[in-house]
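Please walk me through this structure, taking it one part at a time. I am new to it and would like to know where to look and what to notice.

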Amino acid sequence: MRGIVKRFPGVLANDGVDLLVRRGEIHCLLGENGAGKTTLMRILYGLYQPDAGEIRLRGETIRVASPKAALSHRIGMVHQHFHLVSTLSVEENIVLGLSEGTGPFLRFRRTRAKIHRLAEEYGLEVDPTAKVWQLSVGQQQRVEILKALYRDADVLIMDEPTSVLTPQEVEALFGTLRTLVEDGLTVIFITHKLDEVMEASHRVTVLRKGKAVATVNTAETSKEELARLMVGREVVFRVEKDAAELGGKVLSVQDLHANNDRGLSALQGVTFDLCSGEILGVAGVSGNGQHELSEVLTGLRRATRGSAILEKKDLTNCSAREIADLGVAHVPTERIRVGTVPTMSIRENLILKSYRTPDFCKWSILNEKAAYENACQAMTEYEISAPHDGTAAKNLSGGNIQRLVLARELCGCPGLVVAAHPTYGLDVGATEQVRKVLLEQRARGAGILLISEDLDEILQLSDRILVIYEGRIMGIVDAQDAVLEELGLMMAGTGQQEVSA
Amino acid sequence: MRMPLWLQVERRASISPWKVFGISIGAILLAMLLAGLFFQLFGVSPIRAYGDIVRGALGSKLGITETIRRMIPLLVIGVGLTVAFRALFWNIGAEGQLLVGTVAAAGVALFSGIPEVLMIPAMFIAGFAAGALWGIGPAYLKAKLGINDVITTLLLNYVAIALVEWLVYGPWKGPTQRGFAYTDRFSAAASLPVIAGTRIHWPTLAIGVFAAVVLFVVVRRTRVGFEIRVVGENPDAAKYSGISQTKITLLAMMISGGLAGVAGVGEVAGIHHMLLSPEQISLGYGYTAIIVAWLARRNPLAAILTSFLFGVIMRGGDVIKVSLGLPFELVDVFNGIILFMLIGSELFIRYRVRFGARREVA
């Protein structure tokens, strides 16, 4: 790819990017959020058209008008958010949209054989007849990879593939990718995690603010150098954390039960305490009740049994508004779909919860001036970068959306912060800032429940770590004594006694 | 999305109001072109037909006043629908809400014995209440039980039609109407004033314009408008921020149904001065107003403009019926094509589409 330029209104997403990927290598595309990695790959996959520049594949200039065209050039892509039909089976998903020349009927015998062959060859075991909704996230990702391979992809683009996986699943994925390149395929791997670059790739191209700043051989570089290239300055890896100054009990959860969206039991008797000035990390593979826990605590889901007491007030099954008014901040898992109204402005999103307070509303008329001043202050304080306060939230990068959510949730000094995956999908700069903000809240005396699938993050920030598996607590350990392997075993369902025995 | 090579489709980050306006105009022009084929089928030159429509609707004082007369119910209903649509409630039942409004107005006019000075306000209030009740039922069912709003509102139209028919053929049939299926004529006190020499019942028009302005401000500037927008733009975020979707849905439907009821009051008190069979009261105003609200892109102020446009079309239908002997139903065909084109044009609002092939080098 040479001289690729892509403009979006107000943003130059790719500014003359050159990217050279060699056959048979794992090539990492490293950069912060908003650096233009995904945009560049969407151009290669035909989802966007470049404003300038050319794409050459196997020596020939090509134009990729659509994903279909990309596939005909044997370019496949696995998106960060999967594109699967959850009510269909694995094999149905794999053949979806393909015409096999069999008339109106689907014949699965031949397809099944091919799926089996691919799965075996590359370590992508998954039951072809299982429905997608029954699969774990890691298995769904395998289906996505199989889908691309089934279409004879020769260049495989992976957009942040590890962000949803357990450490063990990440290992398995890397194994698969290595087998693929040994067979002559080419993998382009988008990430912002330096460890992964170092572990998995042969070469790496660093993007910063829409420009390719360097392409280096992984063996000849270091984490520190890559981080500097990516952020444009030195990066401190360790988060400075003071010793905890524990205050009184903020939250007391007793024998909490709740169901998930399908009405199945998701929380089965969760009990823990959280003190002020403490960060309690909740570790677990996604789908083990963390999401339901955060929703019950913030009034978005009913508890079927048990209680949650905030200081002296019982907030079990209070409404979301009552709980927010009691000083509970919620950084939701899906910050875009739940935490913001994408079509509304930064200004309006910042008052999503406080719009009816006297500060912003008199005689039920909104005070535009107050909202504007609030937006200016929040944008400065939390470094939300956007053209102006009227910019629609959907035009912000992931990091800026999270800054917006934090700015809104943390104003008014909440006593309890429920932060679900606060740095998921964020770049180094934004991650650093989010973690700093959480530690500031801790120093201020807030109790923080930190739900995350990033074990490094949990280990760095937490004072205690709670491991959850199938809606039950497998154990609570002090962060200082925690061992990564033991946490991993507990996340996979082994009890704490067995682990430490 | 699968697209041929000569099409390039990309999601837009944002779009200016002028572009939306331009795209809407384009949709209407395309609809006129297609509808022209139907005129051709009837052996009438489309150019002649459109000429007659424009001249008949706008070329004379009578034309303009009759256009405005058609515009009034479309405006009053359309303004309310913009609010319902904003709150993501698909109210297809304005026709029924209009009809129960006429029933309430007739009930008050004929049987209440309210003092004359209070008669008109009482009729409007009763009409609003009846329309609002007719609309709140489906809203409640949707909010509490998740029952599809399109189906409930649509089916309630037929209930309202049956109700009016039963009344005018049965218990409310006027003794002085010599067997016709009408109620008795309303008294003078129960009739709306009109602009002299026209059928423009200006109080209803004033209500429509006033409602458009007020609702525009409400949606943009007030607390409850903020809640309506959040619910409409992202129900999950509304739930997350503690906004009650039930409350907002009920409120939006109260406004929408109520205004449709008011439109009904205007028709019986301003035009007919009696309750009569449903198809004589409304020529599908409740359905056409859906297109009015949609073309206005859910902006109450813009509904003033779009309701006028559809006033022209309806008046045009009256004209070509007489001058060219074409059926009035062609108006419905035309309206249907416009709605079709408008929904199709959403693609151009959400995506940037570029034509023109650059050959692919394989």
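The centres of domain 1 and domain 2 of chain B, taken over C-alpha atoms, are 32 Å apart. In this chain, domain 1 covers 1-44 + 331-362 and domain 2 covers 73-301, with bounds that come from an automatic or database domain assignment. Their contact takes seven residues from domain 1 of chain B and six residues from domain 2 of chain B; two residues count as in contact if their C-beta atoms, placed from the backbone, lie within 7 Å. On the domain 1 side, α1 (17-41) and α14 (330-350) of chain B are the elements that give two or more residues. Helices (H or I, at least four residues) and strands (E, at least two) are DSSP runs, numbered from the N terminus. By class, this side of domain 1 of chain B holds four nonpolar, two polar and one charged residues. Here Ala, Val, Leu, Ile, Met, Phe, Trp, Tyr, Cys and Pro count as nonpolar, Asp, Glu, Lys and Arg as charged, and the others, Gly among them, as polar.

A word on how to read all this: the model is predicted, with local features needing pLDDT of at least 70 and side-chain atom pairs counting only at pLDDT 80 or more, while totals for chains, interfaces and linings use all residues. Residues are numbered from 1 along each chain as its sequence is written, and chains are lettered from A and ligands numbered from 1 in the order in which they are written.

How confident is the predictor? For chain B the mean pLDDT is 87, and 95% of its residues reach 70 or more; pLDDT is the predictor's confidence in each residue, from 0 to 100. Residues 357-362 of chain B stay under 50, and the model has 11 contacts beyond four places in sequence for them. For the complex, the predictor gives an ipTM of 0.78 and a pTM of 0.74.

Now turn to where the two chains meet. There, 25 residues of chain B are in contact with 36 residues of chain A. β1 (7-11), α8 (223-233) and α9 (235-240) of chain B each supply at least two residues of the chain B side, and α8(B) gives the most, with six residues. The chain B side divides into nine nonpolar, six polar and 10 charged residues.

Stay with α8(B) for a moment. This helix is largely enclosed by the rest of the structure, because eight of its 11 residues are buried. A residue is buried if 20 or more other C-beta atoms lie within 10 Å of its own, exposed if 12 or fewer, and partly exposed in between. Among the buried ones are B:F226, B:I228 and B:V230. Their cover includes β18 (365-366) of chain A, together with α3 (61-86), α7 (202-221), α9 and α10 (245-272) of chain B.

One of those covering helices, α3 of chain B, is the place of B:F85. B:F85 is buried, with 20 other C-beta atoms within 10 Å. Not counting residues up to four places away in sequence, B:F85 touches B:A293 and B:R298.

Finally, look at strand β3 (residues 26-31) of chain A. Six of its six residues are buried, so β3(A) is largely enclosed by the rest of the structure. A:I26, A:C28 and A:L30 point one way, while A:H27, A:L29 and A:G31 point the other way. In a regular strand the side chains alternate between the two faces of the sheet. β3(A) runs parallel to strand β8 (residues 186-191) of chain A, joined by five bridges, and strands pair if DSSP finds at least two bridges between them. In that pairing A:L30 stands opposite A:T191. β3(A) also pairs in the parallel sense with strand β9 (residues 203-208) of chain A, over five bridges, where A:L29 stands opposite A:T205.
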